[in-house]
Amino acid sequence: METIENIYDNHPVCCRIGTTSVRTLFSHPFSFVKFLIQIGHEPVAPNPGKTYLLRRTMLHPNVFRYMGHIRSVDGTLGLFRGVGYSVVGSVMVQEIEAGLSAGLTKALPNDPNEGRVAKFARSLATDTVVRVVAVTAAQPLYVLTLRSCAQFVGREVVYSNPLSALREIYQTEGILGFFAGLIPRLLADLFTLYLVRVVAFSFEKFLVRELTVEPRDVLKYTGLCSNMCASMVTYPLVVVGSNMAISGARLVAARPPNMVSYTSWVNCLCSLKELNQLKRGNSLFFREAI
């Protein structure tokens, strides 16, 4: 009988796909709620409450109360709107990244005479290419996921079926409709990648040698902290990407008065900034009404 380690060694692709699928499946209700918050859909009125600093204010319902509202409307299965697109998209990104990264590593072998900075720059450039290709290739599935979720607002069904969804986007927006919201999403991903990698490289090059702890432990926690910081900085771009992914669609959620008709992602960014709405969904628990 194979052990868990042997299964992973003998069937790495199947294990990766299975792990990613399960993770995406179980996290989808949280992603669904977060997306609805990002596009400004607040079906439950805020109530008096306290922030985590114990300041009294009006609070929107937390993620679990929001899920309860969705269940009351659509049942438990309603929490998994668009999950099929989401699972396929996540697996697609992962496998493209794994395959392309392996291919580039073989095509561009390490040079033993290469300096540390040059090696870092080459590695970062490779990761950039891998990430851009993978995210761009899977963007149509990301758009289908978000638009399927957005149907909760107006009770549409066109994006529930892959064939009708593809036809709807192509007929109303053309090929570019499949890549709606791609630029802000890529910018957020790449900025996060650069910040995390540069901070890790800087710690490894300049600080780790001066510390008495294991370098691997330092880099692990440094990467975690820098990833969290980068996510906070790039979150406005994530919100813009979510809004632009459905902007222009024939959905109630993407039309006035629910959403302004944006001319570009920059216009969306400026508009949401003026309304102080670029942090929608950054907290799923203490959600202060603005």
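**Exercises on aromatic contacts**

Phe 152 is buried, with a relative accessible area of 4%. The model is a predicted one.

**Exercise 1.** Classify the contact between the rings of Phe 32 and Phe 152, and state which helices hold the two residues.

Solution. 
- Step 1: Phe 32 is buried as well, its relative accessible area being 0%; the cut-off for buried is under 20%.
- Step 2: the ring centres of Phe 32 and Phe 152 are 6.1 Å apart and the planes stand at 90°, so this pair is edge-to-face.
- Step 3: Phe 32 belongs to helix H2 and Phe 152 to helix H5 (residues 116-154), so the pair ties together parts 120 residues apart in sequence.

**Exercise 2.** Count the aromatic pairs in the structure, then classify the pair formed by Phe 30 and Phe 64.

Solution. 
- Step 1: there are three aromatic pairs in the structure.
- Step 2: for Phe 30 and Phe 64, the centres lie 5.9 Å apart with the planes at 85°; angles over 60 degrees count as edge-to-face, so the pair is edge-to-face.
- Step 3: Phe 30 sits in helix H2 (residues 12-38) and Phe 64 in helix H3 (residues 63-74), so parts 34 residues apart in sequence are tied together by the pair.
- Step 4: Phe 30 is partly exposed at 34% relative accessible area, and Phe 64 is partly exposed at 47%.
- Step 5: one aromatic cluster is formed by Phe 30, Phe 64 and Phe 285.

**Exercise 3.** Which residue lies over the face of Tyr 142?

Solution. 
- Arg 185 lies over that face, 4.0 Å from the ring centre of Tyr 142.

Note on methods: Residues numbered from 1 in each chain as written. Predicted model: local features only at pLDDT ≥ 70, side-chain atom pairs only at ≥ 80, totals over all residues. Heavy atoms only, no water. Phe/Tyr/Trp six-rings, centres within 6.5 Å; stacked < 30°, edge-to-face > 60°. Helix = DSSP H or I, 4+ residues; strand = E, 2+ residues; numbered from the N terminus. Buried < 20%, exposed > 50% of the residue type's maximum accessible area, 1.4 Å probe, protein only. Lys NZ or Arg CZ within 6 Å of the ring centre and 35° of its normal.
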